[in-house]
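Reader: I would like to go through this model term by term and ask what each label rests on.

Author: Go ahead; the structure comes up here.

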Amino acid sequence: MLLASTSSSLVSGPVTFGDIALSLFLVLLAAVISRWQRVGLERDMAVATLRSFVQLLAVGYVLEFVFTGHGWLTPLALAVMVATAALTSGARARRVPGSRRIAAASVSVATVATLGVLAAARIIPASPRAIVPLGSMVITAAMNTTSLVMTRLHDDLAANRREVEARLSLAQSSHQASLPWLRASLRSAMLPSVDQTKVVGLVALPGAMTGMILAGASPLAAIRLQLVVMYMLLGGNAFAALVASTLTARRLFTPAHQLVRQLRRTPT
Amino acid sequence: MITAAPRFELRDVRVDGDEGPIVAGFSACVPAEGLTAIMGPSGAGKTTLLRLLNRLDDPDGGVVLLDGRDVRTYDVLELRRRVQSVGQVPVTFPGTVADNVGPDVTALLAHVGLDPALATRDADRLSVGEAQRMALARSLALGPDVLCLDEPTSALDATSKGGIEDLVRHLADEGLTVVMVTHDPRHADLADHVVEVQPLRAKAVRPVDGDGSTPDGDGSTPEGER
């Protein structure tokens, strides 16, 4: 089991609220740069700082509660995360009819499939402490993938509608007619996680691993978890991209293999 | 003067745009024989009407009949095999001319007046006129009964124009039902039948005397054809 308890912490001790207050100095620095260079982001920075504090504090309490004998809340926690991801992704791809439902479907499938495999194969324990953080990672990745696929496929089909309709006119089904752009959207959605997996460790030490190392785990334990996380994200992204592209294509054509009117009238 | 049953009949057709109808109350017949020109100024909804014939779009009101049957009752892919459509600007797919046209490429290129040696050329390296002919060959490869053409000569220079006009005339003479949208008044002479489409900004319905068919043009559109 990868998430077995770690050895003693290498960090001198837990971060205190006082430490957080001190680290705000770095935010202040960013605000000064923003003001000095007239970037105009000081207000956003203040809001972001405040929000991050409140949100993470709340989440910290919720997780603490779930992990201490309230594990039955895990599915609910995942459901809330999936719903939030679906709303966010759906809003990003507002142009696609039914975008929220598509996002809900693709994020759910990605989450259930990856966590299901990991838990069923006992690679991770089916405990809240494993499921919730890994779930949040795969949900975030699936959300970004889904937004990308939906917007890309919509915009590509709108921009290439003459060619799409030429293919339809030659009696190709809507699936055949959209295939080149379907592939392009899948590819562009899956490439980032493939590339990240390729260069991992050479360029960036990713989150799960750095977190474990900071918490005092041995680097070898940390990389084993990180590998599982990367493979999970690769799989999750592929699932999300496949579901999102299939459902999006379906919403952009009528059952009679016609481009939906709204798409044909999108200015390009 | 139509003796046989029409190939297409449009009955009281309405197609809605974002800002009101593009065409409304439109009725017309397309005979099975010969070349029918759908004529009228830009924005009258000619392209919109043509798109109804192979169901790239469906009317919001009225019906379109093919050989006496509502087009919506045919299997749509089968319908599109029978009713081929070539757009204003030729679309070439990636690959060679042969990849675009299919196994009968040699015969089909000859049929549309292209050198069969072009078969191995990259389709996107054809001139616009050549590409338009290739698009016709690609459509003919499906063995259609009807060929719908949307302003097939408008993107071409004068020489290519004449060539395509002759080809279209020839295909109609071979027995294909050809429907051609055009705003070029000269095409009235090329056609056997003319269907007039009038943009009606004023609400009055103006009957139009066609040559053979009895269309009743109507419709207005603030935007261009698509």
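**Contacts between the chains**

Author: This is a predicted model. Between chain A and chain B, 13 residue pairs are in polar contact, both residues at pLDDT 80 or more. The elements of chain A that give two or more residues to the side touching chain B are α6 (161-169) and α10 (261-264). The largest share of that side, seven residues, comes from α6(A). The residues on the side of chain A that touches chain B divide into five nonpolar, five polar and seven charged.

Reader: What makes the pair B:Arg51 and A:Glu165 a salt bridge?

Author: The N to O distance between the two side chains is 2.6 Å. The rule asks for a side-chain nitrogen of Lys or Arg within 4 Å of a carboxyl oxygen of Asp or Glu, so the pair qualifies.

Reader: How many salt bridges does the rule find across the interface of chain A and chain B?

Author: The rule finds four across that interface.

Reader: How many residues of chain A and of chain B are in contact, and what makes them count?

Author: 17 residues of chain A are in contact with 27 residues of chain B. They count because contact means heavy atoms within 4.5 Å.

Reader: What area do chain A and chain B bury between them?

Author: About 1,900 Å², with 48% of it on carbon and sulfur atoms. The value is summed over both parts.

Reader: Why is A:Ile20 called partly exposed?

Author: Its relative accessibility is 32%. Buried means under 20% and exposed over 50%, so A:Ile20 falls in between and counts as partly exposed.

Reader: Where is A:Ile20 found, and how far is A:Ile20 from A:Phe239?

Author: A:Ile20 is found in helix α1 of chain A, residues 17-36. A:Ile20 and A:Phe239 are 219 residues apart in sequence and 38 Å apart in space, C-alpha to C-alpha.

Reader: What does the C-alpha trace of chain A span along its principal axes?

Author: About 70 × 55 × 35 Å. Among contacts in chain A between residues at least 6 apart in sequence, 74% join residues at least 24 apart.

Note on methods
Residues numbered from 1 in each chain as written. Chains lettered and ligands numbered in written order. Heavy atoms only, no water. Helix = DSSP H or I, 4+ residues; strand = E, 2+ residues; numbered from the N terminus. Buried < 20%, exposed > 50% of the residue type's maximum accessible area, 1.4 Å probe, protein only. Buried area = accessible area lost by both parts, 1.4 Å probe. Polar contact = N/O pair within 3.5 Å; in protein donor to acceptor, adjacent residues only side chain to side chain. Nonpolar A, V, L, I, M, F, W, Y, C, P; charged D, E, K, R; others polar.
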